[in-house]
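Dear colleague,

Please find below the structure for your records.

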Amino acid sequence: MWQRQLNKKMKKTHFKHYTQHITEEYYDRYQIAIGQGQEQVLVKMSEEVDLSPILLARIVLERHLAHTVYDGENVPKSVLSQQLKDPSLIEDAVLANEVSLCLLMDDNYGHYVDTIKHSVGHEYELLLKEKVEEKGLAYLGEDQLRIRGYDKTPDTKLEVPIAVDGHVVNWIESKASFGDEDSHKGYLKDQFWSYWNRFGPGLVIYWFGFIDELDTNRDKGILLMDHFPENIVYMNPKIVSRAQSVT
């Protein structure tokens, strides 16, 4: 949740850090500090200007490349991104070290943090898979669904629907995060309603909890829970098959 609050803050204050005047000022301050023999310049400066270390490193690296390699012209985003991901590609050894420190010490941005988030997300997807298999539920995973041509896929598509709290569930989505208003609104728009359109009603598990007031779409076909349901009603596939054949 703190991460999302920080992202909102950065979006609101983004403009003040990215004017040409300000980016040049940051680069000049960096050069002066390095010239004075200071260490961890970018990390310390990021605290002073209230900007993420990674984002400040990106600004300074972009200005450095623009002045030293691209004759003041725009630096290709691909080059900038590649050097941020792998600071060993930065020819200036001091700047390479400064950028590396930003990568290590930034708790909110950067590919190290992204790797941790991905790892945690994968861990809870495996937990969901274990729970589904413990209950003896037949299912299709994301990879299997994509092979069948689906572009947007839940983590688990049940082969035979179940009922939870009196609601039919055809799919289950795992979210290794806290469900706040902004994130849930985005997920509904970009993911959950797409799943509903393709597969019918389903269940979203926010493993780290969610704001209770967000669970307002149960009757429309999207349930929210913070754990895997224990009280499951299993549907008889023979009955489902007969009903489908009649229709």
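Helix α2 (residues 20-35) packs against helix α3 at an angle of about 135°, and their axes lie 10 Å apart. Because angles over 145 degrees would count as roughly antiparallel, α2 is classed as oblique to α3. The crossing of α2 past α3 is right-handed. On the α2 side, the contact is formed by Tyr26, Arg29, Tyr30, Ala33 and Ile34, and on the α3 side by Val41, Leu42, Met45, Glu48 and Val49. By class, the residues of this contact are eight nonpolar, no polar and two charged.

Please note that the model is a predicted one.

Helix α3 (residues 41-49) also meets helix α6 (residues 93-105): their axes come within 8 Å and cross at roughly 55°. The pair α3 and α6 is therefore oblique as well. Here α3 contributes Val41, Leu42 and Val43, while α6 contributes Leu95, Glu98, Val99, Leu101, Cys102 and Met105. The contact of α3 with α6 comprises eight nonpolar residues, no polar residues and one charged residue.

The chain has 247 residues, of which 43% count as buried. Of the contacts between residues at least 6 apart in sequence, 58% join residues at least 24 apart.

With kind regards

Terms used. Residues numbered from 1 in each chain as written. Predicted model: local features only at pLDDT ≥ 70, side-chain atom pairs only at ≥ 80, totals over all residues. Heavy atoms only, no water. Buried < 20%, exposed > 50% of the residue type's maximum accessible area, 1.4 Å probe, protein only. Contact = heavy atoms within 4.5 Å. Axes fitted to C-alpha atoms, helices over the stretch in contact; angles between N-to-C directions. Helix = DSSP H or I, 4+ residues; strand = E, 2+ residues; numbered from the N terminus. Parallel < 35°, antiparallel > 145°, perpendicular 65-115°, else oblique. Nonpolar A, V, L, I, M, F, W, Y, C, P; charged D, E, K, R; others polar. Left-handed = near helix turned anticlockwise from the far one by under 90°.
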